[in-house]
Every structure is written in C-alpha cells, then in structure tokens.
Amino acid sequence: MVKEIKIEEFDYSLPEGRIPVHPLEKRDECRLLVRSPQGRIYHRKFVNLADLLPPASLLVCNDTKVINARLQFHKDSGAAIELFLLEPVDPSDYALNFQSKKECVWKCLVGNSKKWKEGKIYLNLNVDESSTLMIAAERVRLLDDGASEVRFSWDNIDFTFGRIIEMAGKIPIPPYLNRESEDSDREDYQTVYARVNGSVAAPTAGLHFTPQVFESLEAHGDSVAKVTLHVGAGTFRPVKSDTIGDHAMHSEPFSVTNQLIRQLIEWKTAGKPIIAVGTTSVRTLESLPYIGIALGRGEENPFIVNQWDPYGDKTNDFDTVRSLQYILEWMDKNKVDTLRASTSIMIAPGFKWRIVDGMVTNFHQPKSTLLLLVSSFLGGDSWRPLYEEALSNSYRFLSYGDASLLLH
C-alpha cells in the first residue's frame with residue numbers, strides 16, 4: 001500500500017557544503033546529470049539540454065512569479081512583526097487581490113506572534129522624497145494550522161497591493177539557505193519566463209533556462225508550453241510522520257489554457273514526448289487526467305484534486321487522452337479559455353504516470369515529498385544511485401544547485 005511507505009527509506013546524507021547559497025553567475029552553465037531511459041547516467045551542461053532531449057519534445061514550464069512575500073511591520077512599542085504572505089483570502093483571486101486599492105485579506109504566517117495579541121501594526125513606506133505610505137495590518141482570526149488571516153489597509157488609493165509588496169516586501173528565499181534575502185535574489189530567484197504573480201517559492205528547475213537555451217530548443221524542433229501553479233510554503237514542509245499516509249499534502253492553485261490541453265492531446269495521441277520542467281509542472285500535468293475523469297463522470301468538485309485521488313480502484317481504468325478530451329469539451333461548452341483548479345496530489349511509488357515522459361528537476365532534500373516523486377518516476381530504488389553519483393561528483397543541491405534530466 002502506498003500509504004504504508006516509510007519516509008525513512010528516502011533518507012540520505014546531504015553535506016551542508018553541497019547547498020549553495022547563491023546561483024552560478026551564468027544560469028545555463030550549471031551541470032546537468034542525465035539519466036537515459038535505459039538507466040545510463042552521464043554528465044553534461046545545462047546549456048546542451050536541447051541536444052539531450054528526444055526529438056519533437058514538448059517542454060512544459062511553470063510561469064509563476066515569486067512575490068515579495070515577507071513584510072516587516074512594527075507595533076507602537078517598536079516590536080518587529082514579520083508577516084509572510086501565503087495565499088489571498090479576500091479577494092481570493094490572486095490577480096484581483098494584487099489590484100486591490102484600499103484593503104485586502106491574506107492568510108499569513110506571523111513571525112514573533114507572541115508580541116502581537118491584538119490591535120494594528122504598521123509599516124511606513126517612503127514612496128519618494130516628498131511622500132510616504134502607511135500600511136496597517138490587523139489580525140482577523142487565528143487558523144487551525146497556526147497561520148492567521150490578516151487584513152491589510154493603506155491610506156493612498158493610488159497604490160495597489162501588488163505595487164505595495166513589490167516596494168516594501170522581501171523575496172522569500174528558502175529557509176535552508178540560512179541567510180537573509182538580498183537584492184540579487186529579486187532576479188536570481190525568478191525564472192526568465194516568470195509572468196504571473198503568486199508564488200512564495202520559485203519553480204527552481206526553471207532557474208537554469210536562458211533565452212539562448214530556448215533558442216536552441218526551437219532550433220532543435222522542440223516546443224515550449226506554459227502552465228501556472230503558484231508554489232506555496234508547504235513545498236518546504238518536512239514529512240514528520242513515519243509513513244507517508246499520515247502526511248497531509250499542501251494544496252496549490254493552478255491554471256492551464258485551452259491551447260495547452262489541445263497540445264497535450266496531440267502529443268499523447270502521436271506518442272511524442274512531454275517533458276515537465278520542475279516538479280510543479282509535473283504536479284499540474286499529472287493532476288489533469290483526474291479532473292478530466294471527474295468531469296466525465298459528472299462528479300462534484302471536479303476541479304479539486306485530492307492527495308489520494310490517483311490511488312483508488314476507480315482511477316486505474318480510464319483512458320488518459322479521453323480524460324483530457326473531457327476537459328476540452330467542458331472548456332469549449334462553457335467558453336472557458338483558462339481552466340482554474342487546485343491540487344494536493346501525492347506522487348509516490350505506486351503512482352501511475354499518465355502525462356509526463358521526462359522531467360528537468362533539481363536535487364531534492366532527504367525525506368521530502370519531492371524525492372518521493374522522483375523515486376516514483378524512476379521506479380524502485382533507482383533514485384539512490386542517481387543521487388550517489390551526484391554527491392560523488394560534487395554536484396550542487398537544492399534551489400540554487402545543479403539540475404538533472406530524467407527520461408522514461
């Protein structure tokens with residue numbers, strides 16, 4: 001049973017010196033560890049990615065953009081309170097929330113929470129030499145998971161909330177970097193194709209791409225498509241339970257276009273390879289068949305993919321292309337160009353892969369759900385020799401580290 005998998009089986013020793021705190025100066029000069037469909041492992045550079053892909057591949061990238069989610073407020077007493085934006089509550093739509101001009105509500109993690117029992121806290125922002133902006137925050141309620149709903153308000157309707165956090169916030173680099181965010185992270189911790197504001201963590205496999213890499217992909221005859229999945233802070237949540245069945249996966253919102261669904265149907269029907277750039281693209285793509293089959297069956301809440309949906313008996317006996325066609329039919333019928341949904345899908349050994357034929361991904365933390373995903377894709381214990389090869393050859397791990405190309 002998938003739920004009985006012991007997370008201890010996915011542990012390995014990761015020396016701190018293998019976790020770089022800054023990226024390479026040239027993104028595409030990072031190393032690339034390649035695992036062929038036959039299981040052969042060899043070493044290349046990321047800049048050569050196009051030459052290593054199967055012909056006529058479709059690469060799917062996540063174009064989410066990391067927001068400056070860390071905001072430093074102060075009480076009247078002078079105590080500092082950090083608010084970490086997690087997801088919008090009112091308006092709940094990311095784009096509408098960022099366009100708010102008076103107030104909005106977010107789910108937040110509160111740093112130094114014991115110092116903030118009640119009342120408002122403030123952030124004074126110098127807009128220019130002659131004007132300032134006062135932003136107030138008020139806790140609406142404490143949530144069961146330890147986060148809080150916080151109402152933000154400000155005294156100048158010329159400023160949207162999106163502009164405020166762009167000016168006042170800090171980029172939320174991963175906690176395992178063990179340093180404060182720097183001005184350089186505003187560029188380093190974004191993909192070159194980041195477009196849609198909403199993430200609190202970068203889809204880090206995409207950090208290696210440059211315009212030159214995309215040019216080489218085009219020359220090679222490959223195609224590139226985009227999805228949007230806003231990465232939540234839950235991506236860093238460790239698995240603390242002995243078995244994965246007791247670990248609650250975080251939910252993340254995503255959107256895909258009508259055009260992408262058509263491309264996926266075309267590629268799957270023709271047997272051409274689909275390569276996911278990063279685990280966030282993997283999670284998005286592999287969630288789609290479960291939305292499609294739920295639409296085909298007329299189920300309630302078809303646009304919410306739950307953690308264990310892929311593992312029930314009823315999910316094994318359906319055709320992947322047909323499930324995508326159900327989505328396309330629904331979108332055409334309802335004149336919807338963009339499908340919006342959410343997923344908390346758990347991809348672990350025992351998962352049936354339906355969309356993804358290959359992935360570009362970084363090297364992940366021990367005992368993490370992302371390592372479970374890689375293990376599931378490679379099969380058996382095949383992740384271990386791959387990681388041992390990377391460790392013995394001085395590869396750099398985690399967000400600002402090197403990359404791997406894994407092919408079925």
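Helices here are DSSP runs of H or I with at least four residues, strands are E runs of at least two, and both are numbered from the N terminus. Hello everyone, with that in hand, let's start at helix H10, which is followed by serine 394, a residue whose phi is positive, near 60°.

A quick word on the source. This is a predicted model, in which local features need pLDDT of at least 70 and side-chain atom pairs count only at pLDDT 80 or more, while totals for chains, interfaces and linings use all residues. Residues are numbered from 1 along each chain as its sequence is written, and side-chain values use heavy atoms, with hydrogens and water left out.

Back to H10, residues 383–392. Which of its residues are buried? They are Trp383, Leu386, Tyr387, Ala390 and Leu391, where buried means under 20% relative accessible area with a 1.4 Å probe, protein chains only. These residues cover an arc of only 130° around the axis, so they sit on the same side of H10; the arc is taken over directions from the helix axis to the C-beta atoms. Why does that spacing work? An α-helix has 3.6 residues a turn, so residues three or four places apart point the same way. Among the elements covering the buried residues of H10 are strand E17 (358–362) and helix H9 (369–378), with contact meaning heavy atoms within 4.5 Å.

E17 takes us to strand E14, residues 274–277: the two run parallel, joined by three bridges, and pairing requires at least two DSSP bridges. Valine 277 has valine 360 in E17 as its bridge partner. Both faces of E14 are covered, with Ile274 and Ala276 buried on one side and Ile275 and Val277 on the other.

Terms used
Buried < 20%, exposed > 50% of the residue type's maximum accessible area, 1.4 Å probe, protein only.
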